[in-house]
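Let's take a walk through this structure, starting with the overall build and ending at a single residue.

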Amino acid sequence: MPNAVETWFFQVPPITRAWLACSVLTSVAIQCQLVTPLQLYYSPKSAFLNMQLWRPLTTFFYFGPLSLDFVFHLFFVMRYSRMLEESSFANRRADYFWLLLWASIMLLIFAPLANLPFLSAALAFVPIYIWSRRHPDARVSLFGLYTITAPYLPAALIGLSALFGGSWRGAAADLMGCVVAHIAWFVRDVWPREVRGSELYIAKAPDGLKRLFGDI
């Protein structure tokens with residue numbers, strides 16, 4: 001069994017694998033009381049005025065305590081981030097990292113507006129949204145109960161978050177992730193298609209990052 005888990009783990013593409021590993025290790029560290037959520041959440045004051053510079057990073061790795069909700073979020077991160085990295089970003093790891101980096105920066109800017117201390121769920125929504133846009137004919141099964149086409153997946157997940165959370169606040173992270181993902185999708189996919197011969201600078205990873213990831 002350990003060998004099977006190890007084999008599966010290293011079959012996951014590298015960026016998704018690193019994201020998954022950091023998320024699991026963060027929740028395990030909190031479960032073992034090595035750190036507390038109060039030491040990891042994001043606030044501009046703590047992060048930049050108090051120079052606690054790890055907070056803009058750790059906010060993206062904590063999906064909550066080890067629970068069914070934790071497994072649910074990791075499943076969606078692994079599934080859609082992996083599919084996106086293996087399809088649209090195959091052999092383009094730098095571009096996928098660049099996409100997640102810009103999405104993270106936008107989320108850090110918008111987070112105070114919704115008072116979101118943890119942005120892991122919001123960032124997880126980015127690959128889900130972009131995958132759904134790039135595969136409009138794919139059919140997705142929700143818990144084996146309903147089958148929908150991919151473009152309706154983000155709306156369905158937002159509705160489920162609001163339902164389980166008891167109000168729109170329960171879907172605040174998903175809504176913010178949806179807004180950021182839509183901006184990223186527009187910049188990468190819509191703008192170059194509508195404005196032929198024009199590509200925004202932020203849409204592609206710089207050459208230095210591509211060299212770092214071995215893409216060139």
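Predicted model: local features only at pLDDT ≥ 70, side-chain atom pairs only at ≥ 80, totals over all residues.

A residue counts as buried when its relative accessible area is under 20%, as exposed when it is over 50%, and as partly exposed in between (1.4 Å probe, protein chains only). Residues are numbered from 1 along each chain as its sequence is written, and side-chain values use heavy atoms, with hydrogens and water left out.

Now for the fold. The protein has ten helices and two strands, where helices (H or I, at least four residues) and strands (E, at least two) are DSSP runs numbered from the N terminus. Along the sequence they come in the order α-α-α-α-α-α-α-β-β-α-α-α. The radius of gyration (taken over C-alpha atoms) is 17 Å, close to the 17 Å from the globule rule (2.2 Å times the number of residues to the power 0.38), so the protein is as compact as a globular protein of that length. Its C-alpha atoms fill a box of roughly 50 × 45 × 45 Å, taken along the principal axes.

Finally, look at Arg211. You'll find Arg211 in helix H10, which covers residues 207–212. Is Arg211 buried or exposed? Arg211 is exposed, because its relative accessible area is 54%. Arg211 and Ala94 are 117 residues apart in sequence, and 8.4 Å apart in space, C-alpha to C-alpha.
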